[in-house]
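Have the sequence and the 3D view open as you read.

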Amino acid sequence: MTTYTLLGIQHVDFKNNAGETITGTNLFVCYKDPSVDGLRTDKYFVKPEIKFPDIKLKDAIIIYFNSRGKVEGVAKA
């Protein structure tokens, strides 16, 4: 299980090109990856129906994914 360091939180609420409203939260994280010198960074989209704990920048978190690679949960590490 990978532990991530939270670098940024972005709340999103916009209409895409098809006119659909997209809402949720982007989590920007970093973590150790043996194929990278230093730390790897990624962005994960969290749907609004997925509740996560009160987290702040630099917190260590665990992100849980479903079988399709979509975020299904977030917890403090």
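This is a predicted model: local features need pLDDT of at least 70, side-chain atom pairs count only at pLDDT 80 or more; totals for chains, interfaces and linings use all residues.

Residues are numbered from 1 along each chain as its sequence is written, and side-chain values use heavy atoms, with hydrogens and water left out.

**Ring pairs**

- Rings of Phe, Tyr and Trp (its six-membered ring) pair if their centres lie within 6.5 Å; planes under 30 degrees apart are stacked, over 60 edge-to-face, and the rest tilted.
- That rule gives three aromatic pairs.
- One of them is Tyr4 with Tyr31, edge-to-face at 5.1 Å centre to centre and 75° between the planes.
- Tyr4 sits in strand β1 (residues 4–15) and Tyr31 in strand β2 (residues 21–32), so their pair ties together parts 27 residues apart in sequence. Strands here are DSSP runs (E, at least two residues), numbered from the N terminus.
- Tyr4 and Tyr44 also pair edge-to-face, with ring centres 5.8 Å apart and planes at 75°.
- Tyr44 belongs to strand β3 (residues 39–46), so this pair ties together parts 40 residues apart in sequence.
- Ring pairs link Tyr4, Tyr31, Tyr44 and Phe65 into a cluster.

**Burial**

- Buried means under 20% relative accessible area (1.4 Å probe, protein chains only).
- Tyr4 is buried at 6% relative accessibility, and Tyr31 is buried at 12%.
- Tyr44 is buried too.

**Strand pairing**

- Two strands pair if DSSP finds at least two bridges between them.
- β2 and β3 run antiparallel, joined by eight bridges.
- Thr25 has Val46 in β3 as its bridge partner.
- Six residues lie between the strands of the β2 and β3 hairpin, where Gly38 takes a positive phi near 100°.

Methods: Helices (H or I, at least four residues) and strands (E, at least two) are DSSP runs, numbered from the N terminus. Buried means under 20% relative accessible area, exposed over 50%, partly exposed in between (1.4 Å probe, protein chains only).
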